[in-house]
Amino acid sequence: GYKSRKNLKYNNFIMVTAAGPVYLGLRDVTSHAATGEATSEEFSEIMASLDDRHEQAIILGITDTPSANRSAWKLLMATHKRQFWIGCMSHEVSLLMGDIGRLDFTKRLRVACMKLYKWVMNHSFIFAVFQKKVEAHYTAKMQLAKTAQERKACSNRKAMVLYKPGDTRMLSVFKLFFRILMLMPPLVAMF
């Protein structure tokens, strides 16, 4: 979603069909109550603004999972009988990773991974060796690949580098760990 520099509260509306988006919108709800009824009314207003065939095509709604939204799901499913409303799984997994990130072991692992990131990425000679090892690793994997899709994935990864978490959202600590694990063979070869 969008983030306001002035700390305004926005609701994002993205309605998509199999053929593509039918509605993309943003509403400032800073002074409005965050209740299930208000959220339900907002979605109903947006759906009413669509033409009938698009409104009838909406069968699934996904939102974040605060209690107001969970309450809105029930109201929306009661009003719009053909729809089903659920929480955003990537948001839930991101919240879970935030909790895991607070564990002492994870904090120590994060510090160690960040030291590795800085050592590799901030020293041009070491980084050049790392890049050559990554390219060699994925070139070898590409030659062993059995499908075009596997070859394309290997080709795309030849220039992969380590990941530095930029903020706390969307699994950034997980991405740090995952990228190091994915690049472990080139890292070992570099050493």
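This is a predicted model: local features need pLDDT of at least 70, side-chain atom pairs count only at pLDDT 80 or more; totals for chains, interfaces and linings use all residues.

Trainee: Why is Asn-69 called buried?

Mentor: Buried means under 20% relative accessible area, exposed means over 50%, and partly exposed is in between (1.4 Å probe, protein chains only). Asn-69 has a relative accessible area of 14%, so Asn-69 is buried. Asn-69 sits in helix H3, residues 67–79; helices here are DSSP runs (H or I, at least four residues), numbered from the N terminus.

Trainee: And what makes Asp-51 partly exposed?

Mentor: Its relative accessible area is 37%, so Asp-51 counts as partly exposed. Asp-51 is in the loop between helix H1 (36–49) and helix H2 (52–57).

Trainee: How do you know that the length of helix H6 agrees with its number of residues?

Mentor: The expected span is 1.5 Å times one less than the number of residues. For the 21 residues of H6 (124–144) that gives 30 Å, and the end C-alpha atoms are 30 Å apart, so the two agree.

Trainee: What makes the buried residues of H6 line one face?

Mentor: The buried ones are Ile-126, Phe-127, Phe-130, Val-134, His-137, Tyr-138 and Met-142. Seen down the axis of H6, they fall within an arc of 140°, so they line one face of the helix. That arc is taken over the directions from the helix axis to the C-beta atoms. On the face turned away from the buried side, H6 carries the exposed residues Phe-125, Lys-132 and Gln-143.

Trainee: Why are H5 and H6 called roughly perpendicular?

Mentor: They pack at an angle of about 100°, with their axes 6 Å apart. Angles of 65 to 115 degrees count as roughly perpendicular, under 35 as roughly parallel, over 145 as roughly antiparallel and the rest as oblique. So H5 is roughly perpendicular to H6. The contact is made by Trp-119, Val-120 and Met-121 of H5 and Ile-126, Phe-127 and Phe-130 of H6.

Trainee: Then why are H6 and H7 roughly antiparallel?

Mentor: Their axes cross at roughly 175° and come within 8 Å, so H6 and H7 are roughly antiparallel to each other. The axes are lines fitted to C-alpha atoms, for helices over the stretch in contact, and angles run from 0 to 180 degrees between N-to-C directions.

Trainee: Last one: why is Cys-113 called buried?

Mentor: Cys-113, in helix H5, has a relative accessible area of 9%, so Cys-113 is buried. Leaving aside neighbours within four places in sequence, Cys-113 is in contact with Leu-176, Phe-177 and Ile-180. Those three are among the buried residues of H8, and the buried residues of H8 pack against H5 and H9.

How values were computed
Residues are numbered from 1 along each chain as its sequence is written. Side-chain values use heavy atoms; hydrogens and water are left out. Helices (H or I, at least four residues) and strands (E, at least two) are DSSP runs, numbered from the N terminus. Contact means heavy atoms within 4.5 Å.
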